[in-house]
Amino acid sequence: MSRIQTRFAALKREGRGALIPFIEAGDPDAETSQTLLHGLPAAGADLIEIGVPFTDPMADGPTIQRAGRRALEAGATLAKTLAMVETFRQQDQDTPIILMGYLNPIETYGHERFCVDAAAVGVDGLIIVDLPTEEADLILPFATANGLDVIRLVAPTTDDARLPHVLNGSSGFVYYVSITGITGTITASAEQLAQNMPRLRRVTDLPVAIGFGIRNPAQAAEAVRQGDAAIVASALIDTLAETLDHGRATDRTVPAVLDQVRQLAEAVRGARLSARGA
């Protein structure tokens, strides 16, 4: 079993959902980003999503766009993102790592070379936002050969006829984009989530992680009551940004983000218990 499968199986036995925090590689600088990554598991991260900085992040809202810009200005690259994971694996062999980004940097790096190198440093899964299902064969054979899960994005607008096609060849988990929009803007209601989850469950046995728009512990808790994981991105990046001094990290940066992750983790871990108690 992959690290992702192993982690979700363990969480299922425990009867709880997962918290998946997102950080942007190299934001606001390589050292701070690495320190933050090392601290996430102890703060309550069950899996970790790392954004690969890109100049044209079409699915991302202003918060993550600014994070990517800060990282790029600090010298972040795809190769340095892989090195960041390699360093993390020297201390942590268990926490699943998923890279989320866009196809262009991978095209430049080389599809097969990227998958080989990503697997070698300890990456577990890939979310490639702008890779349509019809072009998945650019990556899927190389990812599969190297044991990398290819995680597909599904939106509320993905109809029942297309769902099986989109999820064909996917593994790890399904990323449910809970809103029609960019990251960090509106939040889906519990009613909207409840309406769409059964559609996904009918076509896949993979865990469903809910992202886009989850900003606080209550929303994260609702996500794991409806799905299997809550992905929190923009809210964490906003906290990081608020601690910066003219774009540079301060002694508050890492503690502030990790404290927020702890609050989210506490809510996620208690979500299903409180639901059963009600």
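A: First a term: a residue is called buried when its relative accessible area is under 20%. Also, this is a predicted model.

Q: Fine. So Y175 and F212, buried or exposed?
A: Y175 and F212 are both buried.

Q: How are the rings of Y175 and F212 arranged?
A: Their centres are 5.9 Å apart and the planes stand at 90°, so this is an edge-to-face pair. Planes over 60 degrees apart count that way.

Q: Where in the chain do Y175 and F212 sit?
A: Y175 is in strand β7 (residues 174-177), while F212 is in the loop between β8 (208-211) and α10 (217-226). They are 37 residues apart, and the pair links distant parts of the chain.

Q: How many aromatic pairs are there?
A: The count is four aromatic pairs.

Q: Switching to α6. Which of its residues are buried?
A: In helix α6 (residues 111-121) the buried residues are H111, F114, C115, A118 and V121. Around the axis they cover an arc of only 140°, so they lie on the same side of α6.

Q: And what covers the buried residues of α6?
A: The cover includes α4 (78-89), β3, α5, β4 and α7 (140-145).

Q: What comes just after α6?
A: G122 does, with a positive phi of about 110°.

Q: Which elements give two or more residues to the lining of the second largest cavity?
A: Those are β3 (97-101), α5 (103-109) and β4 (125-128).

Q: Which residues line the second largest cavity?
A: The lining consists of V52, L78, L99, M100, G101, Y102, P105, I106, F114, L126, I127 and I128. F114 is also one of the buried residues of α6.

Q: How does the lining of the second largest cavity divide into nonpolar, polar and charged?
A: Eleven residues of that lining are nonpolar, one is polar and none is charged.

Q: Last one, T55. Where does T55 lie?
A: T55 is in the loop between β2 (48-51) and α3 (62-73).

Q: Is T55 buried or exposed?
A: T55 counts as exposed, because its relative accessibility is 57% and the cut-off for exposed is over 50%.

Q: How far is T55 from P105?
A: The two are 50 residues apart in sequence, and their C-alpha atoms are 9.7 Å apart in space.

Terms used:
Residues are numbered from 1 along each chain as its sequence is written. This is a predicted model: local features need pLDDT of at least 70, side-chain atom pairs count only at pLDDT 80 or more; totals for chains, interfaces and linings use all residues. Side-chain values use heavy atoms; hydrogens and water are left out. On a 1 Å grid over the protein atoms alone, a cavity is a set of points where a 1.4 Å probe fits but cannot get out, and a pocket is an open set with protein on both sides within 12 Å along at least five of seven lines; lining residues have an atom within 4 Å of a point. Helices (H or I, at least four residues) and strands (E, at least two) are DSSP runs, numbered from the N terminus. Ala, Val, Leu, Ile, Met, Phe, Trp, Tyr, Cys and Pro count as nonpolar, Asp, Glu, Lys and Arg as charged, and the others, Gly among them, as polar. Buried means under 20% relative accessible area, exposed over 50%, partly exposed in between (1.4 Å probe, protein chains only). The arc is that of the directions from the helix axis to the C-beta atoms. Contact means heavy atoms within 4.5 Å. Rings of Phe, Tyr and Trp (its six-membered ring) pair if their centres lie within 6.5 Å; planes under 30 degrees apart count as stacked, over 60 as edge-to-face and the rest as tilted.
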